[in-house]
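Please keep the structure in view while going through the numbered points.

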Amino acid sequence: MANMARSFLQVAATEEVASPLRVVQIEGLVILKIIKHCKEFSPALVTGQLLGLDVGSVLEVTNCFPFPIREEDEEIEAEGANYQLEMMRCLREVNVDNNTVGWYQSTLLGSYQTVELIETFMNYQENIRRCVCIIYDPSKSNQGVLALKALKLSDSFMELYRNNNFTGEKLREKNLSWVDIFEEIPIKVSNSALISAFMTELEADSPVTQCDYDRLKLSTNPFLERNVEFLIECMDDLSMDQQKFQYYYRNLSRQQAQQQAWLQKRRAENMARRAAGEDPLPEEDPSNPIFKPVPEPSRLDSFLITNQISNYCNQINGVAGQSFCRLYLMKGLHEN
Amino acid sequence: MLLNPGSIWAQIESLVETLHFQSRCYFVSASLLFFCYHFHLSRDEVFVYARMAASRFWTTPGSDSEEEDSDYDEEIENGGENADEPTPNRYLRGNNASDSDDSDGQKRVVRSAKDKRFEEMSATVDQMKNAMKINDWVSLQESFDKINKQLEKVMRVTESEKVPSLYIKALVMLEDFLNQAMGNKDARKKMSSSNAKALNSMKQKLKKNNKQYEDLINKYREHPESEEEKDEDEEDEEEEETDSEIEEDPSKIVMSGTEDEEDEEEDDRDNLTEAGWERKMSKRDKLMDKQFMKDPSEITWDTVNKKFKEVVAARGRKGTGRFEQVEQLTFLTKVAKTPAQKLEILFSVVSAQFDVNPGLSGHMPINVWKKCVQNMFVILDILVQYSNIVVDDMVEIDENESQKGADYNGTIRVWGNLVAFLERIDAEFFKSLQCIDPHTREYVERLRDEPMFLVLAQNVQDYLERKGDFKAASKVALRRVELIYYKPQEVYDAMRKLAEQSEDGHTGGESGEEPRIEESRGPPAFIVVQEIVPRKPTFPENSRTLMDILVSLIYKYGDERTKARAMLCDIYHHALLDEFSTSRDLLLMSHLQDSIQHMDISTQILFNRAMAQLGLCAFRNGLVTEGHSCLSELYTGGRVKELLAQGVVQNRFHEKTPEQERLERRRQMPYHMHINLELLEAVHLICAMLLEVPNIAANVYDAKRKVISKAYRKVLEASEKQTFTGPPENVKDHVMAATRALMKGDFQKAFDVITSLDVWKLLRNRENVLDMLKVKIKEEALRTYLFTYYSSYDSLSLDQLTKLFDLSEAQIHSIVSKMMINEELHANWDQPTGCIVFHDVGPTRLQALAFQLTEKLSILAESNERAIEARIGGGGGLDLPLRRRDNQDYAAGTSAGGRWQDNLSFGQGRQGGSTGRTGYSSGGRAFAFNQAAGGGYSRDRTGYRGTGHSSRAVRGSQMDSSTRMVSLNRGLRA
């Protein structure tokens, strides 16, 4: 019995630990609102608040509202916060879910992996245990894909970030690599039965939609070009980062050489002192500048850049694959 | 008072003269004491008499003595009344009197203003005295403030640096009184509170104020009486300086003797004769060197030597007037017994003259400088005349070496260094030009002295060459070179003409006159030196010939620095004469570019100047690329002014310490040596434009990569950012306007804008240069046009191009063909129709970007590899030669792949090399991605190793080969 009781206890305890987030379930309304907001302001980048409920391993996003376009001014920032609170209050009054579950933002060709995003995440996750960021890419949607992505930071990364400790050693310890920064969570779109019914009603007779036409667009060059351009920029950034590391390693090795030299000198001196019958001097001298550790540059930047690069590469990959299909299709059509 | 004033008058008058001319105070005080003793007068009284006499004497130089006498009696009576309190008015007049030395009519007005100020001041001093008597500190304080204000006015009026002695005297008086008051505690207690307060504040003020005039006060305290004299002396120093040598003739001194009775008579005579006051001047020396006055025959080498040692020993000591020392020494040169001694003393004179200006920043007074040059001439005269005298500064010289007379046959060694003196004179000349405002007449006047120095240098050099001291001669030659090298032929001719003219007038006055007077005035110096060395410059017709002679001497005998500087001057001068190839060859042969970093700053500046001039020369000769490469480095940091030492620039981000600033100021070039910065900038930007515009047009996709001129790009970017471009104002605007036109292929507009610059009038052969420029602009316009628009054409006829660009068919043909050969333009000629047929083989934008990406990747892979090598302790030393070999035989791809696999075993989380190489689809990891690139670009990378991946140009050329690279890789993969 005792055994059983303990196992019950254990069960209770484990249930206390929240089950991991599996799915983000978004209402159709929210998606439409996001798309509308982002498209209207594209190519400017916009953000907005997501509202909803946290139900077990599912995060339901039931509503959202846009933020006014951000300004650099601090005063306006404070106003933005006020706006947010006011908005939530109003929504509560009309009985909408007013529980913040994250935010959405638009992006340009998937270049969202920034330090700012991580900071915002950290901010949100301080207050809300579970939150996601939904990223919408209007430029990609032009090609007939719904480019929605739900992201969250991985737990291990967050822990590391809190300690602000991105040295190579720590990263190895945690076995954290650049892929492990963000976790993508599958999105499920749900509509109420009524809406679904209405949608079926609305659906046109023709089997082809505008989206399908979009998908058949043959001009992929601009998209590819921009991706490559961004890639080039990323490479530059990465090179810069690498230079930073090279510099660091050079300094480190120089310092080590200095330390060795110093140590040797000290040892020789100690030998002499011992011979003279004096007390040996300590072999550590913290006041000496050569023992001051050289700060290791953070690897966060290079991780983010790598993430971004992989993102671009995947995009190129995807677009290229689709383009080939289209080209073959066109070829087939021509032959016919 | 037991005597009638008349009888002491004469004595006093003679004293007055000494007061006036005698700058050495102790003689004055000695004489004063003498008077006090003889006539039982108080010191002050005598002094008052003296002052009165002085004022009498000076204000009425030509009046007859009777009138004087009557006036005089009155004065004496006045003086008697307030004998214990010499009225400041007297001093004032004394001051005025001294001014009348330079009596021109126009100065009268100024003098009255001066008078007024001085009167005001003395009135204040009187007030102060009264206040002191009644111990009224409040009013004393007021007066003190007042006198300070008045001091400012006085200084403004007199325009001198010198504080009037009246003021100093008041200060001293005040200080003494203050100390006394502070010492007397009882009295202090008795004072009213306001009075005590005033006393205290006065104490503070005075302390602060007196600090400024500390040394003057000290001087005054040491020799209270002479103070007044001194300022007079110093005020008319200029005249004295020039005059003294002419007028001081020992014969007079000897004749006049020291007896007072004689003086009396003589003075009367003097007053009557016109030249009287000139002669009196000479008497200054008679008291100074009593021992020499008595009898010329009594003067021995020993006495002179003793006196000489004494004077020299006083050098640098406090209280030794610098001017006086020069004068004393000059006097001694006259009485020197042997040529060697004269030489010895002359050397001291010259160094004393160098001492006249104490600071490092200021320059030597010009008249002193001139005299110094004259002295150098005399030195040379002696040296040439008595060839057995050797000048040396290395060995310790026997004290009595100079005793050996002119008839002594062996070598006589005299301490001295001609070259050092000459260099110092040159440095002083340079400094004076730095200090003088270049927009004044003074500057021009100063420049006229240059030939004089050149002659001296020439003479010194000749002498040294005769002596066989070629090393020193080369140093002197360098000095001459440095005065010549920056002069274009026109300026050189002008200088030559000036020198020839001044032979009769100017130099004649300077150098010819002096010995003549010396001879005419009886038996002047014991050692008469004939004028042996020529005072007149002999310049060759052509500046180049002169340069060649000097420079070849330096190359032969000079030390490293001298040679380097001469070389740079030579390069500069060649460039000035439009001989670009010669000067370029000189520069390249000398390898100065490599070693210039290790040289001193002034040589570096010279190098910069030479480079700038070389660039200008290349441009004038139509060599745009060369011109640009010469100038671009100057313009990289935006510190042209500093690099050429043509003005001090304040940097916003980097504050200079005053020390640095002073140093920088000291190395500034004098204005007449400046290279016009606007012209330089125009030439630099135009060269850059001619190179960059077609370059930008050729690399539209990747404009950032192949940058020829960063400075130009920066300017271009800035101008592109402007929302509105106004009409061009400065050089930059003009060039940018031209650039905009050129980018469109509109050569005419570009040329017009460029010609509207007004710097072109600074060019000698302006027409030719502009013609050249026009052709260049046309050519580059054509190239730009072709680069920009060739994709829009299938073919383009030659006729059309000739019409568009106003160039001959042959020219266009050659330009276009060159572009085709360089693979800049993918086209070929269609001879029968005279057309260019374009092939559209240029990469699309995507392709171009892909190329760019591959290049970036290869860089990244390269540095990754290096990082790994560093991490695992480097096998670099072993790898490098191996890889280089790989590079040569063409199996680079496979072997590099192998290498990669070697490295892979160390890499964590990397997939196998082969899978990695097939593409990023397989791994999805960054390293795999890089590997793919690494494998693919092994050839590229090895190329880097070979060239040391240092310069952008190399990288650029790499990119050009990237088309080939792709096909190669395909082959490897297959």
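1. What percentage of the 336 residues of chain A count as buried? The share is 38%, where buried means under 20% relative accessible area, exposed means over 50%, and partly exposed lies in between (1.4 Å probe, protein chains only). This is a predicted model, in which local features need pLDDT of at least 70 and side-chain atom pairs count only at pLDDT 80 or more, while totals for chains, interfaces and linings use all residues; side-chain values use heavy atoms, with hydrogens and water left out. Residues are numbered from 1 along each chain as its sequence is written, and chains are lettered from A and ligands numbered from 1 in the order in which they are written.

2. Chain A has 11 helices and eight strands. These elements are DSSP runs numbered from the N terminus: helices are H or I with at least four residues, and strands are E with at least two. Of the contacts in chain A with a separation of 6 or more, 76% are between residues 24 or more positions apart; a contact means heavy atoms within 4.5 Å.

3. Y83(A) belongs to helix α3 (residues 74–93) of chain A. With a relative accessibility of 31%, Y83(A) is partly exposed. Not counting residues up to four places away in sequence, Y83(A) touches F65(A), P66(A), F67(A) and P68(A). Y83(A) and P68(A) are 15 residues apart in sequence, and their C-alpha atoms are 8.6 Å apart in space.

4. T107(A) is placed in the loop between β4 (100–106) and α4 (115–127) of chain A. Is T107(A) buried or exposed? T107(A) is buried, at a relative accessible area of 3%. Leaving aside neighbours within four places in sequence, the contacts of T107(A) include L45(A), Y112(A) and I135(A), and Y136(A), D137(A) and P138(A) are also among them.

5. The cysteines deserve a comment. Over all chains, a search of the whole structure finds zero disulfides, a disulfide being a pair of cysteine sulfur atoms within 2.5 Å.

6. Two residues of chain B call for a check of the backbone. D578(B) has a phi near 65 degrees, a positive value in a residue other than glycine. D578(B) sits in the loop between α29 (560–576) and α30 (580–590) of chain B and is buried, at 19% relative accessible area. D806(B) has a positive phi too, near 55 degrees, and lies in the loop between α41 (798–805) and α42 (809–821) of chain B.

7. The contact between the chains takes 18 residues from chain B and 19 residues from chain A. Together the two chains bury about 1,800 Å², 65% of it on carbon and sulfur atoms; buried area is the accessible area (1.4 Å probe) that two parts lose on being put together, summed over both.

8. Across this interface there is one salt bridge, defined as a side-chain nitrogen of Lys or Arg within 4 Å of a carboxyl oxygen of Asp or Glu. The salt bridge joins the side chains of K856(B) and D236(A), at 3.1 Å from N to O. On the side of chain B that touches chain A, the elements giving two or more residues are α43 (845–871) and α48 (926–936) of chain B. The largest share, 13 residues, comes from α43(B).
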